Amino acid sequence: MKSTFLTFLMGWLAIGFAQARNPEPLRFQGSSQAPAQPILRVVLVHGFLENGSNFRTLRRRLEKQGVECLIPKLRPSDGRGGLEGLAERLKVDIEAAYGTEQRISIIAFSMGGLVSRHYLQNLGGATRCDKLFTISSPHHGTKAAWIYPSKGAEQMRPDSSFLNELETTESRLGDMPVVSYRTPLDLVILPPVSSKWDRAENLEFPVVLHPLMLTSRAVLNDVERRLLE
């Protein structure tokens with residue numbers, strides 16, 4: 001089991017590191033034409049060593065419902081400058097696309113959940129956000145972060161000062177609806193229960209492996225339903 005885990009984790013890191021070293025354009029819309037009058041505007045925030053392409057299935061589903069999706073690029077995606085810097089970039093991209101007052105909701109995966117929380121709780125984003133969904137985010141850290149040397153990885157280790165600060169400022173979310181999705185089979189969020197967040201409504205789905213949470217029909221059905229209700 002240990003050997004299988006290490007093989008999976010190192011392969012995931014190798015693929016992600018290649019993405020981090022070969023960045024695509026900073027931001028892209030899911031479709032060439034955004035809805036003329038979108039019923040909602042949703043920001044999809046990707047995770048560690050990713051570029052947003054893993055939101056493809058969710059984006060297509062939401063666009064069919066008339067939702068406009070924005071996928072900012074968090075650079076550098078390994079968080080070497082710290083998660084605060086990624087949150088600042090997230091704020092800049094959101095305001096470039098939607099100004100400072102347009103209402104949004106956020107769906108964030110893995111590290112993206114922590115970046116989104118810093119944006120919402122400490123950079124004023126909570127005043128414009130209607131709903132927050134985090135999927136397999138390490139709200140209490142992950143032991144897997146010990147194998148990567150970046151500052152962002154250090155901040156995702158259990159009991160880091162960054163995570164402790166997020167806990168002390170979560171009241172700034174006000175009464176915003178928050179949902180946290182997790183799988184007990186996660187091999188990246190260790191232990192998997194670290195994705196449980198007391199502030200959120202916590203939902204568990206038996207999805208095999210961390211990245212497959214973004215292709216799970218059960219997870220995406222629930223996200224879509226709650227977003228549109």
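**Figure 1. Parallel pairing of strands β4 and β5 in the predicted model.** Strand β5 (residues 129-135) runs parallel to β4, and five bridges join the two; helices (H or I, at least four residues) and strands (E, at least two) are DSSP runs, numbered from the N terminus, and two strands pair if DSSP finds at least two bridges between them. I107 has F133 in β5 as its bridge partner. Together with helix α4 (residues 111-122), β4 and β5 form a right-handed β-α-β unit, a crossover being right-handed if, with the strands pointing away from the viewer, the path from the first strand over the helix to the second runs clockwise. This is a predicted model, in which local features need pLDDT of at least 70 and side-chain atom pairs count only at pLDDT 80 or more, whereas totals for chains, interfaces and linings use all residues. Residues are numbered from 1 along each chain as its sequence is written, and side-chain values use heavy atoms, with hydrogens and water left out.

**Figure 2. Strand β4 and its pairing with β2.** Strand β2 (residues 40-45) pairs with β4 in the parallel sense over four bridges. Opposite A108 of β4 stands V45.

**Figure 3. The largest nonpolar core.** A nonpolar core is a set of buried Ala, Val, Leu, Ile, Met, Phe, Trp, Tyr and Cys residues joined through side-chain atoms within 4.5 Å. Of the 36 residues in the largest one, V43, I106, Y119 and L120 touch the most other members. At least two residues of this core come from each of β2, α3 (83-98), β4, α4, β5 and α6. Helix α3 gives the most, with six residues.

**Figure 4. The second largest pocket.** This pocket has a volume of about 160 Å³. A pocket is an open set of points on a 1 Å grid over the protein atoms alone, where a 1.4 Å probe fits, with protein on both sides within 12 Å along at least five of seven lines; lining residues have an atom within 4 Å of a point. The volume is the space filled by probe spheres set on the points, which are joined across faces, edges and corners. Among the lining residues are R117, H139, H140, D159, W197 and D198. Helix α6 (residues 161-169) gives the most to the lining, with four residues.

Conventions
Buried means under 20% relative accessible area, exposed over 50%, partly exposed in between (1.4 Å probe, protein chains only).
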